[in-house]
There are 2 protein chains.
Amino acid sequence: MKSKKVARVRIEDVAAQAGVAISSVSRVLSGHKSVSETMKIRVEKAVNNLGYRPDHLAQSLRRGTTHTIGFMIRDIMNPFFSTIAQSCEAELRKSHYSMILINSSGTEDTEKLNFAILKSRRVDGVIASLVSETSDSVKEDLELFGAPTVLLDRKLPGVTSSAVLSDHALGVKKAVAHLLSQGHTRIAFISGPKDMYVTKNRLEGFRSAYKDADEKIYPELIRLKDFTEKYAKEETLKLFKLPKPPTAILTGGIGASGGTLHALKEIGKVPEKDVTIVALDEWPLFDLLNPPISSVYRNPELIGRYAAELILELIRGEAPRTILIPTTFHNVAETKARTNSNKGKKSY
Amino acid sequence: MKSKKVARVRIEDVAAQAGVAISSVSRVLSGHKSVSETMKIRVEKAVNNLGYRPDHLAQSLRRGTTHTIGFMIRDIMNPFFSTIAQSCEAELRKSHYSMILINSSGTEDTEKLNFAILKSRRVDGVIASLVSETSDSVKEDLELFGAPTVLLDRKLPGVTSSAVLSDHALGVKKAVAHLLSQGHTRIAFISGPKDMYVTKNRLEGFRSAYKDADEKIYPELIRLKDFTEKYAKEETLKLFKLPKPPTAILTGGIGASGGTLHALKEIGKVPEKDVTIVALDEWPLFDLLNPPISSVYRNPELIGRYAAELILELIRGEAPRTILIPTTFHNVAETKARTNSNKGKKSY
DNA sequence: TTGTAAGCGTTATCAG
DNA sequence: CTGATAACGCTTACAA
């Protein structure tokens, strides 16, 4: 069952109907200055009459620009990332850009392939949440891409991309300072690889709080290797087999907090009662957990919006720059108050 | 700071390097049968040499097909939908299709606009999770789109689209039957508009279970108007102001369960203890809620995969068809057993 | 101000 | 089997 071949209306048809040259139609539609008022109305009439919409493909080929942004992401099932994607698309469409969503499944090989795909599709820019910060191969892909790039939460020295970074240190420091002030000194920290910006930055906040409090960190409580739920769960279990388990745990980013919470459930430890938890990044329905847990929060909608802004800037030829998003410590006690008020409008 | 203009390699360059005609290069690359072995290796050598990749844009314009699918969705921030999007993209890329993600913010006007955008971008097909099932305007958009369409969880009579539907009735019936067997008769049902397939189908399961148990439904406990969290919250609050509040609540789909749970929290009712809750569709970390709650589950990854399959079928010229996805009742008691076993691999 | 015509980078038809 | 060449639908010098 072939789909009906609805004959497309071409610019030629409009020109014929309006009785003018093709180029005149083009000029009217692209808002060229040198067009008479009569020409304008004649063409516009024909356009409306026929319901003409320019073929984006032909325009792109001719203009050399596609009005399309590639959005490359590791894990869109993650609400945090998908919110970024959503707000980014919303922002891009205001400027009549479309977004090609392309998943990297969190592997470098796929990322490499994705760059090739997006290149052959001639996207005007790429916004990417990459796996690695250290791979030279990725750096090369970025450098040779030929179109502007915006990085999410990654710092690649020597690469001329714009970036949206989060000031993780800020929120983490506050969180840890709070924990220390409550008498916690054995604070565990479970998160991703320590050679990444995110982790280094978080660790900075962690250390800084300890330093200010004039306390010393327990290195055996620091577990920085992987962002997965699996890793966080395993490490949490291990931590509780130590002679002296932690009295508080900083757990994250995004996949990890679930891992820690599942581990606690498994061994019957109750958050807040048996051990204080601070999750890095929030999840939907977090406020329904009982007992609720504290978190270090950053606004994904903001990140998406800024990413869109940055890529559009670069496309306009402006210089690359980095935007730093603040993070805030959502303390349980205060959160309780917030919860009952105005979560109503959020879709989760 | 202009981005470096990396001169693209064109088919012309390859032809020159190989010392053959442009058309020969094209033939080799598109696997045309009438090419000599010598020609093939000569061209391939030049291709590798120059790192040539065909311009997708030019190909599309010439071939009249873009290898691109439009994915139109109401709310990608919702983990349920974003998982569908993810698995759909993963499936599409296996067949070398890309996906344009386009948000409809849940309004018909935006949907209309989106159809126009996707049309001018000449996508080879559209997968859409639409707001309305009743609007003639949308039907028209679908009919006139000119490319195949796949609908998610919507039944538009008279429209020649394929569809992925969920067998909501199945899971709901089991859930309600279970509740009735436990002695609940005052079961509330909060969900979206009752003229939609989803709701009608769920209601069918609801009624069927009541009928089988030879019990009668309390119409004042049925609240079917809106999928939002806000609506579910408000209706939940109202239900508990009734002279005889419900002893169990079916709440969903996706946004709604949060609304009900928030409402309960607000008035200090504890799920499972004061009122039994069955959520329609699951959320990440649902199993961490305390007490945990039952749900009617459907697999979003499956839905995404099938959607991709269906659109590719249509593109190949096969006849439209509808796939029905089962839903299952996840009972708390059984869920408890499941929880501790193997949730480890999920990314939430 | 408007029209003519040359591309944009491919594919496909048609000779040779 | 291979090579010219005309499209695909539009934009943009360049002429008029």
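This is a predicted model: local features need pLDDT of at least 70, side-chain atom pairs count only at pLDDT 80 or more; totals for chains, interfaces and linings use all residues.
Local features need pLDDT of at least 70 and side-chain atom pairs count only at pLDDT 80 or more, while totals for chains, interfaces and linings use all residues, and side-chain values use heavy atoms, with hydrogens and water left out. Residues are numbered from 1 along each chain as its sequence is written, and chains are lettered from A and ligands numbered from 1 in the order in which they are written.

**DNA strand D**

- There are 25 residues around DNA strand D, and Ile11(A), Arg62(A), Arg27(B), Ser34(B) and Ser36(B) come nearest; a residue is near a strand or molecule if one of its heavy atoms lies within 4 Å of it.
- Of the atoms of DNA strand D that come within 4 Å of the protein, sugar and phosphate account for 65%.
- The side chain of Arg63(A) has an N or O atom 3.3 Å from a phosphate oxygen of DNA strand D.
- H2 and H4 of chain A, together with H2 and H4 of chain B, each supply at least two residues of the surface near DNA strand D; helices (H or I, at least four residues) and strands (E, at least two) are DSSP runs, numbered from the N terminus.

**DNA strand C**

- DNA strand C is surrounded by 25 residues, the closest being Ser24(A), Arg27(A), Ser36(A), Arg62(A) and Arg62(B).
- Sugar and phosphate make up 64% of the atoms of DNA strand C that come within 4 Å of the protein.
- A base oxygen of DNA strand C lies 2.4 Å from a polar side-chain atom of Arg27(A).
- Phosphate oxygens of DNA strand C are involved at Ile11(B), where a polar backbone atom is 2.8 Å away, and at Gln59(B), where a polar side-chain atom lies at 2.9 Å.

**Relation of the two chains**

- Chain A can be laid on chain B with an RMSD of 0.2 Å by a turn of 180° and a shift of 0.1 Å along the axis, the copies being superposed by least squares on the C-alpha atoms of residues with pLDDT of at least 70 in both.
- The two copies are thus related as by a two-fold rotation axis.
- Among the residues of chain A, Ile100(A) comes closest to the rotation axis, with its C-alpha at 2.3 Å.
- Because 100% of the interface residues of chain A are also interface residues in chain B, the copies meet through the same surface; contact means heavy atoms within 4.5 Å.

**Backbone features**

- Most residues other than glycine have a negative phi, and most peptide bonds are trans.
- The peptide bond from Asn290(A) to Pro291(A) is cis, with omega near -5°, and Pro291(A) is placed in the loop between strand E9 (276–280) and strand E10 (294–297) of chain A.
- In chain B, a cis peptide bond joins Asn290(B) and Pro291(B), with omega about -5°.
- His67(A), although not a glycine, has a positive phi of about 55°, and this residue lies in the loop between H4 and strand E1 (68–73) of chain A.

Technical notes. A polar contact is a pair of N or O atoms within 3.5 Å; within protein, one must be able to donate a hydrogen and the other to accept it, and residues adjacent in sequence count only if both atoms are side-chain atoms.
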